[in-house]
Amino acid sequence: MTRTPPQNPDCRGGKHAACSGTAWNDDIDDICACGCPCHT
Ligand SMILES: [Zn+2]
Ligand SMILES: [Zn+2]
């Protein structure tokens, strides 16, 4: 099973500066860290 890190909708929309650094993880139904590479 391939797991892609969840990303904040802001990051998905290209608005990386607006991202709060969190994203919704469907696997655990909870908040987790945004997986967008812009945070590293
Ligand atoms: Zn981003
Ligand atoms: Zn982000």
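Predicted model: local features only at pLDDT ≥ 70, side-chain atom pairs only at ≥ 80, totals over all residues.

Colleague: What elements are in the chain?

Modeller: The chain has one helix and two strands. Read from the N terminus, their order is α-β-β.

Colleague: What box do the C-alpha atoms fill?

Modeller: Roughly 30 × 20 × 15 Å, taken along the principal axes.

Colleague: And how many of the residues count as buried?

Modeller: 12% of the 40 residues in the chain.

Colleague: What about contacts between residues 24 or more positions apart?

Modeller: Among contacts with a separation of 6 or more, such pairs account for 26%.

Colleague: Back to the strands. Do β1 and β2 run parallel or antiparallel?

Modeller: Antiparallel, with four bridges joining them. Strand β1 covers residues 22-25, and strand β2 covers residues 30-33.

Colleague: Which residue is the bridge partner of N25?

Modeller: D30, in β2. The two strands form a hairpin, and four residues lie between them.

Colleague: Where does D29 lie?

Modeller: In the loop between β1 and β2. D29 has a positive phi of about 50°, although this residue is not a glycine.

Colleague: Is D29 buried or exposed?

Modeller: Exposed.

Colleague: Why does D29 count as exposed?

Modeller: Because D29 has 7 other C-beta atoms within 10 Å, and a residue is exposed if that count is 12 or fewer.

Definitions and conventions: Residues numbered from 1 in each chain as written. Chains lettered and ligands numbered in written order. Buried ≥ 20, exposed ≤ 12 C-beta atoms within 10 Å, placed from the backbone. Contact = placed C-beta atoms within 7 Å. Pairing = 2+ DSSP bridges.
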